[in-house]
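Hi everyone, thanks for having me. Let's take a look at the structure together, and please keep it open while I talk.

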Amino acid sequence: MKSEDQQAILTLHRTRDLAVRQRTQLANMIRSLLREFGHVLRSGIEAVTAFAKRRLEEERPSMPDLASGILGTVCYQFLGVHERVESYSKMIEKHALLDAGARRLKRMPGIGPVTASAIVATIGDAKQFRTGRDLAAWLGLTPLNKSSGGKEKPGKITKKGNRYIRKLLITGMTSRALMGRKHPERIDIWSARILAGKPFRLPTVAMVNKSARIIWAILTKQQEYRQPAV
């Protein structure tokens with residue numbers, strides 16, 4: 001059971017998630033329209049945002065008037081949704097700043113204010129889980145067991161838990177893993193070791209699984225994050 005305050009924060013998260021998906025769709029539409037007439041934007045939302053602002057300031061790429069008008073309309077829609085995403089993000093950041101549990105979680109590598117706020121609002125009292133592994137299982141992060149000939153072989157993660165938090169954690173740890181591949185000296189020894197010489201997704205999921213167990217420890221013991229020595 002969740003409190004009304006938890007439900008309110010989760011409503012904010014769901015609304016922001018919808019707006020992010022709408023923004024992505026509009027960004028893809030802008031890229032597609034430009035590509036039709038030989039114009040290519042750099043990757044990233046920032047590049048689309050900068051272009052949309054220039055377009056509304058009467059910078060018009062070379063294309064027929066009809067297509068240019070449609071592009072302008074889509075750019076206007078994109079900027080409106082982008083502003084809503086930014087507004088929702090600021091509200092979530094405020095919640096993550098005011099909540100003690102979220103403040104502790106933000107100190108973990110790969111966890112920002114949106115992820116920290118979502119975890120606290122969704123889980124509530126982490127003591128309802130007996131162990132960190134139980135929390136990882138609830139998030140769908142534990143591997144499936146495949147038995148054959150009396151031998152157990154771990155398979156892919158179950159993906160049966162909370163999809164939203166799992167997505168946020170995987171996104172954060174993917175960014176951390178990319179940074180670790182380029183700069184191994186900036187991450188802890190354990191993460192650097194599992195990133196070395198393995199397919200990219202395998203260590204990323206392992207990092208997410210370990211993070212779930214650390215999250216449980218931080219929330220149940222109300223302790224600050226300490227980077228592991230190994």
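One term before we start: I'll say two residues are in contact when they have heavy atoms within 4.5 Å. Keep in mind, too, that this is a predicted model.

Let's begin with arginine 176, which you'll find in helix 7. Is arginine 176 buried or exposed? Buried means under 20% relative accessible area, and arginine 176 has 10% relative accessibility, so it counts as buried. Which residues does it touch, leaving aside neighbours within four places in sequence? Arginine 176 is in contact with Pro109, Gly110, Ile187, Asp188, Ser191 and Met207.

Now to the nonpolar cores. The largest one holds 30 residues, and Leu105, Ile111, Ile119, Leu169 and Ile215 have the most contacts inside it. Several helices give two or more residues to this core, including helix 4 (100–106), helix 5 (113–123) and helix 7 (163–182). Helix 9 provides the largest share, with seven residues.

Let's zoom in on isoleucine 119. Not counting residues up to four places away in sequence, isoleucine 119 touches Leu105, Gly124, Ile165, Leu169, Ile215 and Leu219. Apart from this core lies another, of 26 residues, with Cys75, Ile92, Ala118 and Tyr164 among them.

Last stop: helix 1 (residues 4–36) and helix 3 (residues 65–98). Their axes come within 8 Å and cross at roughly 150°. An angle over 145 degrees counts as roughly antiparallel, and that is therefore how helix 1 and helix 3 run relative to each other. Their crossing is left-handed. In the contact of helix 1 with helix 3 there are 20 nonpolar, seven polar and four charged residues.

Definitions and conventions. Residues are numbered from 1 along each chain as its sequence is written. This is a predicted model: local features need pLDDT of at least 70, side-chain atom pairs count only at pLDDT 80 or more; totals for chains, interfaces and linings use all residues. Side-chain values use heavy atoms; hydrogens and water are left out. A nonpolar core is a set of buried Ala, Val, Leu, Ile, Met, Phe, Trp, Tyr and Cys residues joined through side-chain atoms within 4.5 Å. Buried means under 20% relative accessible area, exposed over 50%, partly exposed in between (1.4 Å probe, protein chains only). Helices (H or I, at least four residues) and strands (E, at least two) are DSSP runs, numbered from the N terminus. Axes are lines fitted to C-alpha atoms, for helices over the stretch in contact, and angles run from 0 to 180 degrees between N-to-C directions. Angles under 35 degrees count as roughly parallel, over 145 as roughly antiparallel, 65 to 115 as roughly perpendicular and the rest as oblique. A crossing is left-handed if the near helix is turned anticlockwise from the far one by less than a right angle, and right-handed if clockwise. Ala, Val, Leu, Ile, Met, Phe, Trp, Tyr, Cys and Pro count as nonpolar, Asp, Glu, Lys and Arg as charged, and the others, Gly among them, as polar.
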